[in-house]
Amino acid sequence: MNEIGRLLAALCCVSAIWLTCVPAQAGYDPVKVHEIILRLGAEAMNNPQLPGISIAVLQKGGDEPVTAAFGTANVENACAMTPQSRFKIGSVTKVFTAALIHRLIEEGKLTYETTIDRFFPQFPDGSVIRIRHLLTHTSGIMDMLRLEDVCGNMTRYRTPEELIAMVGAQPLLFVPGTRQQYSNTGFLMLAVIAEKVAGESYEKQIATLFEGTLGMRTLLVGDDSAVVPHLASGYTNGKPSGLRLPIMASLAIARGTGNLEATPSDVVRLVNLDKILRKDVQDTLPLEPLVLDDGNEAISSQPTDNFSTSYLDGCTLFMFRDPEIILIGKLGSFPGFGTAYFYDQKTKIAVAISVNSEMAIPHAIDLGARILHELR
(Lines give C-alpha, C1' and ligand atoms only; values in the text may rest on other atoms or scores of the structure.)
Protein backbone atom coordinates (compact mmCIF):
# COMPACT_ATOMS: atom_id res chain seq x y z
CA MET A 1 0.00 0.00 0.00
CA ASN A 2 1.44 3.38 -0.97
CA GLU A 3 1.66 6.43 1.30
CA ILE A 4 -1.67 7.88 0.15
CA GLY A 5 -3.34 4.50 0.59
CA ARG A 6 -2.02 4.17 4.15
CA LEU A 7 -3.17 7.69 4.95
CA LEU A 8 -6.67 7.04 3.64
CA ALA A 9 -6.91 3.74 5.51
CA ALA A 10 -5.94 5.44 8.73
CA LEU A 11 -8.40 8.25 8.20
CA CYS A 12 -11.18 5.81 7.39
CA CYS A 13 -10.45 3.86 10.56
CA VAL A 14 -10.40 6.83 12.89
CA SER A 15 -12.86 8.81 10.68
CA ALA A 16 -13.14 12.28 12.05
CA ILE A 17 -16.94 12.32 12.26
CA TRP A 18 -18.84 15.54 12.81
CA LEU A 19 -22.53 15.52 13.67
CA THR A 20 -25.33 17.98 14.15
CA CYS A 21 -28.72 16.97 15.47
CA VAL A 22 -31.87 19.07 15.44
CA PRO A 23 -35.16 19.05 17.34
CA ALA A 24 -37.70 16.58 16.00
CA GLN A 25 -40.32 17.74 13.53
CA ALA A 26 -43.66 16.05 13.09
CA GLY A 27 -43.08 12.59 11.62
CA TYR A 28 -39.34 13.18 11.50
CA ASP A 29 -36.93 11.61 13.97
CA PRO A 30 -33.48 13.22 13.93
CA VAL A 31 -32.13 10.48 16.19
CA LYS A 32 -33.07 7.92 13.55
CA VAL A 33 -31.57 10.11 10.83
CA HIS A 34 -28.39 10.41 12.90
CA GLU A 35 -28.11 6.64 13.23
CA ILE A 36 -28.78 5.94 9.56
CA ILE A 37 -26.30 8.43 8.13
CA LEU A 38 -23.63 7.35 10.61
CA ARG A 39 -24.04 3.69 9.73
CA LEU A 40 -24.40 4.04 5.97
CA GLY A 41 -21.78 6.78 5.72
CA ALA A 42 -19.23 4.64 7.56
CA GLU A 43 -19.99 1.75 5.19
CA ALA A 44 -19.42 4.05 2.20
CA MET A 45 -15.97 4.96 3.52
CA ASN A 46 -14.85 1.38 2.91
CA ASN A 47 -14.50 2.40 -0.73
CA PRO A 48 -10.79 3.09 -1.45
CA GLN A 49 -11.79 5.53 -4.21
CA LEU A 50 -13.41 7.82 -1.66
CA PRO A 51 -11.13 10.24 0.26
CA GLY A 52 -14.02 11.92 2.07
CA ILE A 53 -17.76 12.34 2.16
CA SER A 54 -20.20 14.86 3.63
CA ILE A 55 -23.90 14.15 4.17
CA ALA A 56 -26.84 16.39 5.11
CA VAL A 57 -30.50 15.48 5.64
CA LEU A 58 -33.39 17.89 6.12
CA GLN A 59 -37.18 17.67 6.06
CA LYS A 60 -39.26 20.37 4.37
CA GLY A 61 -39.90 23.18 6.83
CA GLY A 62 -36.83 22.43 8.91
CA ASP A 63 -34.08 24.92 9.64
CA GLU A 64 -31.01 22.88 10.60
CA PRO A 65 -29.94 19.73 8.78
CA VAL A 66 -28.62 16.61 10.43
CA THR A 67 -25.06 16.28 9.13
CA ALA A 68 -22.15 13.88 9.15
CA ALA A 69 -18.70 14.05 7.57
CA PHE A 70 -16.12 11.31 7.16
CA GLY A 71 -12.56 10.93 5.94
CA THR A 72 -10.35 13.66 4.59
CA ALA A 73 -10.92 16.89 2.71
CA ASN A 74 -7.29 17.18 1.65
CA VAL A 75 -5.14 14.08 1.29
CA GLU A 76 -1.83 15.92 0.93
CA ASN A 77 -2.18 17.64 4.29
CA ALA A 78 -4.40 15.09 6.06
CA CYS A 79 -7.17 17.65 6.69
CA ALA A 80 -10.34 16.07 8.04
CA MET A 81 -13.63 16.45 6.22
CA THR A 82 -16.20 18.45 8.23
CA PRO A 83 -19.75 19.68 7.57
CA GLN A 84 -18.18 23.08 6.87
CA SER A 85 -16.18 21.70 3.91
CA ARG A 86 -17.29 23.26 0.63
CA PHE A 87 -17.54 21.40 -2.69
CA LYS A 88 -17.90 22.34 -6.33
CA ILE A 89 -21.46 21.06 -6.79
CA GLY A 90 -21.50 20.89 -10.59
CA SER A 91 -24.87 20.45 -12.27
CA VAL A 92 -26.83 20.72 -9.03
CA THR A 93 -26.38 24.39 -9.96
CA LYS A 94 -29.11 23.82 -12.55
CA VAL A 95 -31.75 23.49 -9.81
CA PHE A 96 -30.84 26.98 -8.59
CA THR A 97 -30.96 28.45 -12.11
CA ALA A 98 -34.30 26.77 -12.81
CA ALA A 99 -35.68 28.29 -9.59
CA LEU A 100 -34.77 31.77 -10.85
CA ILE A 101 -36.69 31.04 -14.06
CA HIS A 102 -39.67 29.59 -12.17
CA ARG A 103 -39.83 32.74 -10.06
CA LEU A 104 -39.90 34.92 -13.18
CA ILE A 105 -42.67 32.74 -14.61
CA GLU A 106 -44.69 33.15 -11.41
CA GLU A 107 -44.18 36.93 -11.64
CA GLY A 108 -45.59 36.90 -15.17
CA LYS A 109 -42.34 38.03 -16.76
CA LEU A 110 -41.81 34.76 -18.64
CA THR A 111 -43.84 31.73 -19.70
CA TYR A 112 -42.81 28.19 -20.48
CA GLU A 113 -43.72 28.93 -24.10
CA THR A 114 -41.58 32.07 -24.41
CA THR A 115 -39.22 31.59 -27.35
CA ILE A 116 -35.54 32.35 -26.94
CA ASP A 117 -35.31 34.65 -29.97
CA ARG A 118 -36.64 37.34 -27.60
CA PHE A 119 -33.27 37.22 -25.83
CA PHE A 120 -30.96 35.84 -28.52
CA PRO A 121 -32.26 37.30 -31.78
CA GLN A 122 -29.25 36.01 -33.74
CA PHE A 123 -29.51 32.44 -32.50
CA PRO A 124 -30.62 30.12 -35.34
CA ASP A 125 -34.07 28.57 -34.88
CA GLY A 126 -34.60 30.69 -31.78
CA SER A 127 -38.24 31.20 -32.76
CA VAL A 128 -39.04 27.50 -32.21
CA ILE A 129 -36.96 26.89 -29.08
CA ARG A 130 -38.92 27.59 -25.90
CA ILE A 131 -38.08 28.06 -22.23
CA ARG A 132 -39.55 24.63 -21.47
CA HIS A 133 -37.20 23.05 -24.00
CA LEU A 134 -34.20 24.50 -22.17
CA LEU A 135 -35.51 23.35 -18.78
CA THR A 136 -36.12 19.78 -19.97
CA HIS A 137 -33.06 19.30 -22.22
CA THR A 138 -35.30 18.91 -25.26
CA SER A 139 -34.07 21.96 -27.21
CA GLY A 140 -31.75 20.14 -29.61
CA ILE A 141 -29.06 22.70 -28.80
CA MET A 142 -25.56 21.23 -28.74
CA ASP A 143 -23.85 20.90 -25.36
CA MET A 144 -21.16 23.57 -25.20
CA LEU A 145 -18.79 21.13 -23.48
CA ARG A 146 -18.76 19.06 -26.68
CA LEU A 147 -17.41 21.91 -28.76
CA GLU A 148 -13.94 20.97 -29.95
CA ASP A 149 -12.48 24.35 -29.00
CA VAL A 150 -13.92 24.05 -25.49
CA CYS A 151 -13.16 20.43 -24.63
CA GLY A 152 -9.68 20.87 -26.11
CA ASN A 153 -8.85 23.54 -23.52
CA MET A 154 -11.05 23.31 -20.43
CA THR A 155 -8.98 25.85 -18.51
CA ARG A 156 -9.78 28.76 -20.82
CA TYR A 157 -12.61 31.04 -19.72
CA ARG A 158 -15.10 32.15 -22.35
CA THR A 159 -17.96 34.58 -21.85
CA PRO A 160 -21.56 33.38 -22.11
CA GLU A 161 -21.91 35.42 -25.29
CA GLU A 162 -18.91 33.70 -26.87
CA LEU A 163 -20.15 30.23 -25.93
CA ILE A 164 -23.70 30.84 -27.12
CA ALA A 165 -22.41 32.17 -30.45
CA MET A 166 -20.12 29.16 -30.85
CA VAL A 167 -22.98 26.75 -30.20
CA GLY A 168 -25.29 28.75 -32.45
CA ALA A 169 -22.92 28.07 -35.31
CA GLN A 170 -23.69 24.35 -34.97
CA PRO A 171 -26.89 22.80 -36.37
CA LEU A 172 -29.61 21.64 -33.99
CA LEU A 173 -29.23 17.98 -33.05
CA PHE A 174 -32.97 17.39 -33.45
CA VAL A 175 -36.29 19.20 -33.75
CA PRO A 176 -37.05 20.80 -30.34
CA GLY A 177 -39.39 18.68 -28.23
CA THR A 178 -38.83 15.43 -30.12
CA ARG A 179 -35.88 14.05 -28.12
CA GLN A 180 -34.10 14.56 -24.83
CA GLN A 181 -30.34 15.11 -24.74
CA TYR A 182 -28.38 16.79 -21.98
CA SER A 183 -27.27 20.32 -22.83
CA ASN A 184 -25.29 22.54 -20.48
CA THR A 185 -25.75 25.30 -23.02
CA GLY A 186 -29.45 25.46 -22.27
CA PHE A 187 -28.86 26.37 -18.65
CA LEU A 188 -26.15 28.88 -19.53
CA MET A 189 -28.81 30.51 -21.70
CA LEU A 190 -31.35 30.36 -18.86
CA ALA A 191 -28.90 32.16 -16.55
CA VAL A 192 -28.48 34.90 -19.16
CA ILE A 193 -32.25 35.10 -19.62
CA ALA A 194 -32.73 35.44 -15.85
CA GLU A 195 -30.31 38.37 -15.85
CA LYS A 196 -31.97 40.10 -18.79
CA VAL A 197 -35.50 39.72 -17.43
CA ALA A 198 -34.79 40.48 -13.76
CA GLY A 199 -32.34 43.29 -14.53
CA GLU A 200 -29.94 41.90 -11.92
CA SER A 201 -26.80 39.82 -12.18
CA TYR A 202 -26.92 36.08 -11.68
CA GLU A 203 -24.72 36.54 -8.58
CA LYS A 204 -27.11 39.08 -7.04
CA GLN A 205 -30.16 36.89 -7.63
CA ILE A 206 -28.47 33.82 -6.17
CA ALA A 207 -27.36 35.79 -3.10
CA THR A 208 -30.79 37.34 -2.51
CA LEU A 209 -32.92 34.25 -2.91
CA PHE A 210 -30.73 31.45 -1.66
CA GLU A 211 -28.28 33.00 0.76
CA GLY A 212 -30.76 35.54 2.05
CA THR A 213 -34.12 33.76 1.99
CA LEU A 214 -33.07 30.13 2.38
CA GLY A 215 -30.07 30.77 4.63
CA MET A 216 -27.42 29.16 2.42
CA ARG A 217 -24.48 30.93 4.06
CA THR A 218 -21.77 28.86 2.35
CA LEU A 219 -23.15 29.20 -1.19
CA LEU A 220 -20.78 30.88 -3.66
CA VAL A 221 -20.91 31.61 -7.38
CA GLY A 222 -17.61 30.12 -8.54
CA ASP A 223 -14.68 32.29 -9.59
CA ASP A 224 -11.63 30.69 -11.19
CA SER A 225 -9.15 32.81 -9.24
CA ALA A 226 -10.90 33.10 -5.86
CA VAL A 227 -9.50 31.61 -2.67
CA VAL A 228 -12.45 29.73 -1.14
CA PRO A 229 -12.40 29.06 2.63
CA HIS A 230 -12.93 25.41 3.59
CA LEU A 231 -12.96 24.22 -0.03
CA ALA A 232 -12.23 20.49 -0.16
CA SER A 233 -9.58 19.24 -2.57
CA GLY A 234 -10.90 17.16 -5.45
CA TYR A 235 -9.40 13.93 -6.76
CA THR A 236 -9.76 11.31 -9.43
CA ASN A 237 -8.41 7.79 -9.63
CA GLY A 238 -5.32 6.86 -11.59
CA LYS A 239 -4.36 3.51 -13.01
CA PRO A 240 -3.38 0.97 -11.91
CA SER A 241 -4.24 2.34 -8.46
CA GLY A 242 -4.12 5.38 -6.22
CA LEU A 243 -5.56 8.87 -6.21
CA ARG A 244 -4.59 11.50 -8.75
CA LEU A 245 -5.35 15.15 -9.21
CA PRO A 246 -8.09 15.80 -11.80
CA ILE A 247 -7.77 17.79 -15.00
CA MET A 248 -7.84 21.55 -14.61
CA ALA A 249 -11.06 23.21 -15.78
CA SER A 250 -12.61 26.66 -15.64
CA LEU A 251 -15.42 26.87 -13.11
CA ALA A 252 -16.67 30.29 -14.24
CA ILE A 253 -17.33 29.05 -17.77
CA ALA A 254 -20.21 26.94 -16.39
CA ARG A 255 -22.30 29.97 -15.41
CA GLY A 256 -25.77 28.88 -14.34
CA THR A 257 -25.10 25.29 -15.31
CA GLY A 258 -22.34 24.10 -12.97
CA ASN A 259 -20.48 26.96 -11.28
CA LEU A 260 -21.78 26.97 -7.69
CA GLU A 261 -19.88 25.93 -4.57
CA ALA A 262 -21.48 25.01 -1.25
CA THR A 263 -21.64 22.58 1.65
CA PRO A 264 -24.18 19.73 1.53
CA SER A 265 -25.86 21.30 4.57
CA ASP A 266 -26.73 24.28 2.37
CA VAL A 267 -27.53 22.29 -0.79
CA VAL A 268 -30.09 20.27 1.18
CA ARG A 269 -31.94 23.52 1.96
CA LEU A 270 -33.32 23.23 -1.56
CA VAL A 271 -35.99 21.17 0.20
CA ASN A 272 -37.48 24.53 1.22
CA LEU A 273 -37.84 26.00 -2.28
CA ASP A 274 -41.49 26.66 -1.44
CA LYS A 275 -40.24 29.62 0.63
CA ILE A 276 -39.34 31.42 -2.60
CA LEU A 277 -41.75 29.78 -5.06
CA ARG A 278 -45.50 29.31 -4.96
CA LYS A 279 -45.09 26.22 -7.13
CA ASP A 280 -42.21 24.03 -6.00
CA VAL A 281 -41.67 21.48 -8.76
CA GLN A 282 -40.21 19.05 -6.24
CA ASP A 283 -43.73 18.55 -4.89
CA THR A 284 -45.91 19.41 -7.88
CA LEU A 285 -44.25 17.32 -10.59
CA PRO A 286 -45.78 13.87 -11.14
CA LEU A 287 -43.34 11.05 -10.52
CA GLU A 288 -43.43 10.06 -14.16
CA PRO A 289 -41.02 10.43 -17.11
CA LEU A 290 -41.29 13.45 -19.36
CA VAL A 291 -43.59 12.94 -22.33
CA LEU A 292 -42.16 14.19 -25.64
CA ASP A 293 -44.17 15.92 -28.34
CA ASP A 294 -44.73 12.61 -30.14
CA GLY A 295 -46.27 11.03 -27.03
CA ASN A 296 -43.25 8.87 -26.18
CA GLU A 297 -41.64 8.93 -22.75
CA ALA A 298 -38.10 10.27 -22.40
CA ILE A 299 -36.25 7.70 -20.29
CA SER A 300 -32.51 7.16 -20.04
CA SER A 301 -30.73 4.22 -18.45
CA GLN A 302 -27.16 2.97 -18.54
CA PRO A 303 -26.47 -0.78 -18.27
CA THR A 304 -24.28 -0.22 -15.21
CA ASP A 305 -26.79 1.99 -13.40
CA ASN A 306 -29.23 0.90 -10.71
CA PHE A 307 -31.74 3.49 -11.88
CA SER A 308 -33.42 5.10 -14.87
CA THR A 309 -33.78 8.86 -15.31
CA SER A 310 -35.87 11.44 -17.10
CA TYR A 311 -35.08 15.17 -17.17
CA LEU A 312 -38.04 17.15 -15.91
CA ASP A 313 -38.62 20.84 -15.20
CA GLY A 314 -35.12 21.87 -14.14
CA CYS A 315 -34.49 18.67 -12.21
CA THR A 316 -34.29 14.91 -12.76
CA LEU A 317 -36.60 12.00 -12.01
CA PHE A 318 -34.72 9.01 -10.58
CA MET A 319 -36.40 5.61 -10.71
CA PHE A 320 -34.32 3.25 -8.56
CA ARG A 321 -34.59 -0.52 -8.79
CA ASP A 322 -32.75 -1.46 -5.57
CA PRO A 323 -33.87 -0.05 -3.26
CA GLU A 324 -37.16 0.47 -5.06
CA ILE A 325 -37.83 4.17 -4.73
CA ILE A 326 -38.65 7.11 -7.00
CA LEU A 327 -37.05 10.45 -6.20
CA ILE A 328 -36.75 13.98 -7.56
CA GLY A 329 -33.27 15.46 -7.58
CA LYS A 330 -30.10 16.32 -9.43
CA LEU A 331 -26.57 15.03 -9.85
CA GLY A 332 -23.55 17.27 -10.15
CA SER A 333 -19.99 16.57 -11.18
CA PHE A 334 -16.93 18.72 -11.69
CA PRO A 335 -13.35 17.46 -12.09
CA GLY A 336 -12.52 16.02 -8.67
CA PHE A 337 -16.00 16.43 -7.16
CA GLY A 338 -19.47 14.92 -7.12
CA THR A 339 -22.78 15.86 -5.46
CA ALA A 340 -26.12 14.06 -5.31
CA TYR A 341 -29.29 15.83 -4.18
CA PHE A 342 -32.50 13.80 -3.76
CA TYR A 343 -35.99 14.65 -2.49
CA ASP A 344 -38.65 12.13 -1.46
CA GLN A 345 -42.18 13.43 -2.11
CA LYS A 346 -43.59 10.80 0.26
CA THR A 347 -41.69 11.84 3.39
CA LYS A 348 -40.80 15.44 2.40
CA ILE A 349 -37.19 14.63 3.30
CA ALA A 350 -34.14 15.57 1.23
CA VAL A 351 -30.55 14.41 1.31
CA ALA A 352 -27.43 16.05 -0.13
CA ILE A 353 -24.21 14.07 -0.41
CA SER A 354 -20.89 15.43 -1.67
CA VAL A 355 -17.70 13.49 -2.34
CA ASN A 356 -14.25 14.76 -3.28
CA SER A 357 -13.63 12.13 -5.94
CA GLU A 358 -15.43 12.21 -9.26
CA MET A 359 -15.03 8.43 -9.48
CA ALA A 360 -17.11 7.98 -6.32
CA ILE A 361 -20.28 9.63 -7.63
CA PRO A 362 -22.07 6.27 -8.14
CA HIS A 363 -21.49 5.52 -4.46
CA ALA A 364 -22.98 8.88 -3.45
CA ILE A 365 -26.03 8.14 -5.61
CA ASP A 366 -26.54 4.72 -4.05
CA LEU A 367 -26.03 6.11 -0.56
CA GLY A 368 -28.62 8.85 -1.07
CA ALA A 369 -31.26 6.37 -2.25
CA ARG A 370 -30.53 4.03 0.65
CA ILE A 371 -30.80 6.81 3.23
CA LEU A 372 -34.17 8.04 1.96
CA HIS A 373 -35.48 4.49 1.58
CA GLU A 374 -34.63 3.70 5.20
CA LEU A 375 -36.33 6.93 6.34
CA ARG A 376 -39.66 5.85 4.87
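Helices (H or I, at least four residues) and strands (E, at least two) are DSSP runs, numbered from the N terminus. This is a predicted model, in which local features need pLDDT of at least 70 and side-chain atom pairs count only at pLDDT 80 or more, while totals for chains, interfaces and linings use all residues. Residues are numbered from 1 along each chain as its sequence is written, and side-chain values use heavy atoms, with hydrogens and water left out.

**Cavity**
- A cavity is a set of points, on a 1 Å grid over the protein atoms alone, where a 1.4 Å probe fits but cannot get out; a pocket is an open set with protein on both sides within 12 Å along at least five of seven lines, and lining residues have an atom within 4 Å of a point.
- Searching the whole structure turns up one cavity of 30 Å³ or more, and the largest cavity has a volume of about 90 Å³.
- Its lining has 14 residues, with Val95, Leu273, Val281, Gly314 and Cys315 closest to the centre.
- Helix α3 gives the most to this lining, with four residues.

**Pockets**
- The largest pocket holds about 1,200 Å³ of space, where a volume is the space filled by probe spheres set on the grid points, joined across faces, edges and corners.
- Among the 41 residues lining the largest pocket, Ser91, Tyr182, Leu331, Gly332 and Ser333 lie nearest its centre.
- β14 is the top contributor to the lining of the largest pocket, with five residues.
- For the second largest pocket, the volume is about 440 Å³; 24 residues line it, and Lys88, Leu231, Met248, Phe334 and Phe337 lie nearest its centre.

**Nonpolar cores**
- A nonpolar core is a set of buried Ala, Val, Leu, Ile, Met, Phe, Trp, Tyr and Cys residues joined through side-chain atoms within 4.5 Å, and buried means under 20% relative accessible area (1.4 Å probe, protein chains only).
- The largest nonpolar core has 60 residues, and Phe96, Ile193, Phe210 and Leu270 have the most contacts inside it.
- Helix α7 (residues 184–198) supplies the largest share of this core, nine residues.
- Apart from this core lies another, of 34 residues, including Ile37 and Leu372.

**Helix α11**
- α11 has 14 residues and reaches 20 Å from its first C-alpha to its last, close to the 20 Å expected at 1.5 Å a residue, the expected span being 1.5 Å times one less than the number of residues.
- Buried residues in α11 include Ile361, Ala364 and Leu372.

Key:
Buried means under 20% relative accessible area, exposed over 50%, partly exposed in between (1.4 Å probe, protein chains only).
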